[in-house]
Amino acid sequence: MKFECAFKEYLQEEREWMLDKKCAHIEYSRLKEVLKSCQSCKQLHNSSDSELDQHHLCRCQSCSSRDEKFFSELMKEASDIVGYFNSRARQILHLHTATGMKSYVWRLSHCFKNDMQALEQEGRILIEYIAMNAIAMRKILRKYDKVHNSVNGENFKSRMLADHIELLHSPWLIELGAFYLNFSGLDDCELDVICGHFSCVLNIAEAKMTLRLPDSIKLEYHLTCAICLDLVFNPYALGCGHIFCKSCACSAASVMIFEGLKAAGRESKCPICREVGVYSKPMQMLELDLLIKKRCKHYWKERLSDERVDMLHQSKVYWNMQYTHPTGLM
Ligand SMILES: [Zn+2]
Ligand SMILES: [Zn+2]
């Protein structure tokens with residue numbers, strides 16, 4: 001089946017599922033039509049001179065103004081899709097870890113059906129949502145470059161990465177992948193509608209999660225902390241999407257573990273991409289932590305006790321400073 005048909009079918013099915021009617025999509029068919037008219041414009045260029053004279057001005061001008069609109073529309077769609085995906089993933093995973101009243105209310109709204117199964121299904125629908133749109137985006141950009149013989153489409157991907165709206169680079173996708181692997185208990189997990197799958201390898205030599213999708217898309221999310229060079233422990237994603245152990249990120253931002261990453265100064269930079277302002281909304285990756293805790297029990301326990309020792313030591317230093325400095329005893 002051609003992707004266009006598969007995407008249309010997917011959009012129809014999706015409406016019958018639980019996704020919001022408001023949620024954004026890549027307008028694949030419409031954008032393809034735009035590219036088709038660009039292609040006929042190009043063919044006209046290559047045809048006889050007389051025809052070119054007749055159409056040269058109007059066609060080319062409309063093509064260049066369309067370009068700007070084309071990419072700004074795509075940018076808006078990508079940003080809306082990522083925004084929707086992140087907020088829904090946050091909801092689903094918070095419900096998974098919810099306790100007390102919050103959990104009760106959720107169970108009530110789902111008529112006390114099998115909670116975990118319902119959450120797993122919602123997670124699956126959400127992964128399919130981001131994956132289908134990512135495939136559509138890649139196909140449209142590739143087509144754009146082919147029609148215009150350009151690299152604008154390829155460059156647009158880098159712009160999306162820099163603006164943190166590349167569809168398959170959200171840390172929430174890694175969290176959902178971990179949730180999925182936790183649920184199945186397997187190292188490899190199929191996504192049925194789109195024929196893709198998540199898998200993970202967690203050991204000292206290699207630590208990564210892989211997402212394979214149709215159209216030869218393969219994404220590897222590396223889970224080695226760039227600071228301690230070990231498998232991440234108590235992982236946090238910074239605003240730029242880079243993932244570190246909480247204790248490592250704290251030491252990079254010169255804050256104590258018990259103060260948390262939000263205590264970092266605004267000028268603190270990500271140790272990998274050097275972006276500033278990325279510590280203000282750190283994302284704790286609870287599902288990934290659970291995955292590591294389940295798969296690497298010994299390692300996880302060791303790191304936990306190390307973190308506790310560090311925290312105790314830092315608190316002692318902190319309180320000593322508080323008591324000695326104000327009274328001038330030091
Ligand atoms: Zn680390
Ligand atoms: Zn970064």
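Trainee: Which residues are the protein donors of the zinc ion (ligand 1)?
Mentor: Happy to start there, keeping in mind that this is a predicted model. Along the chain, the donors of this zinc ion (ligand 1) follow the spacing C-x2-C-x16-C-x2-C. Each donor is an SG atom lying 2.3 Å from the ion, and the residues are Cys225, Cys228, Cys245 and Cys248.

Trainee: What arrangement do the four donor atoms around the zinc ion (ligand 1) have?
Mentor: Let's go by the angles. Four donors count as tetrahedral if all angles lie between 85 and 135 degrees. Around the zinc ion (ligand 1) the angles are 105 to 114°, so the arrangement is tetrahedral.

Trainee: Are Cys245 and Cys248 buried or exposed?
Mentor: The cut-off for buried is under 20% relative accessible area. Both Cys245 and Cys248 are buried.

Trainee: Which residues coordinate the zinc ion (ligand 2)?
Mentor: Here the sequence spacing is C-x1-H-x27-C-x2-C. Cys240 sits in the loop between E5 and E6, while Cys270 is in the loop between helix H8 (246–252) and E7, 30 residues apart, so this pair links distant parts of the chain. With distances of 2.0 to 2.3 Å, the donors are Cys240 (SG), His242 (ND1), Cys270 (SG) and Cys273 (SG).

Trainee: What is the strand order in the open sheet of three strands?
Mentor: Look at the edges: strand E6 (243–245) and strand E7 (283–284) each pair on one side only. Strand E5 (residues 235–237) pairs with E7 in the antiparallel sense over two bridges, and Tyr236 stands opposite Gln284 in E7. The order is E6-E5-E7.

Terms used
Residues numbered from 1 in each chain as written. Chains lettered and ligands numbered in written order. Predicted model: local features only at pLDDT ≥ 70, side-chain atom pairs only at ≥ 80, totals over all residues. Heavy atoms only, no water. Donors = N, O, S within 2.8 Å, 3.2 Å for Na, K, Ca; no water. Tetrahedral: all angles 85-135°; square planar, octahedral: opposite > 155°, others 65-115°. Buried < 20%, exposed > 50% of the residue type's maximum accessible area, 1.4 Å probe, protein only. Pairing = 2+ DSSP bridges. Helix = DSSP H or I, 4+ residues; strand = E, 2+ residues; numbered from the N terminus.
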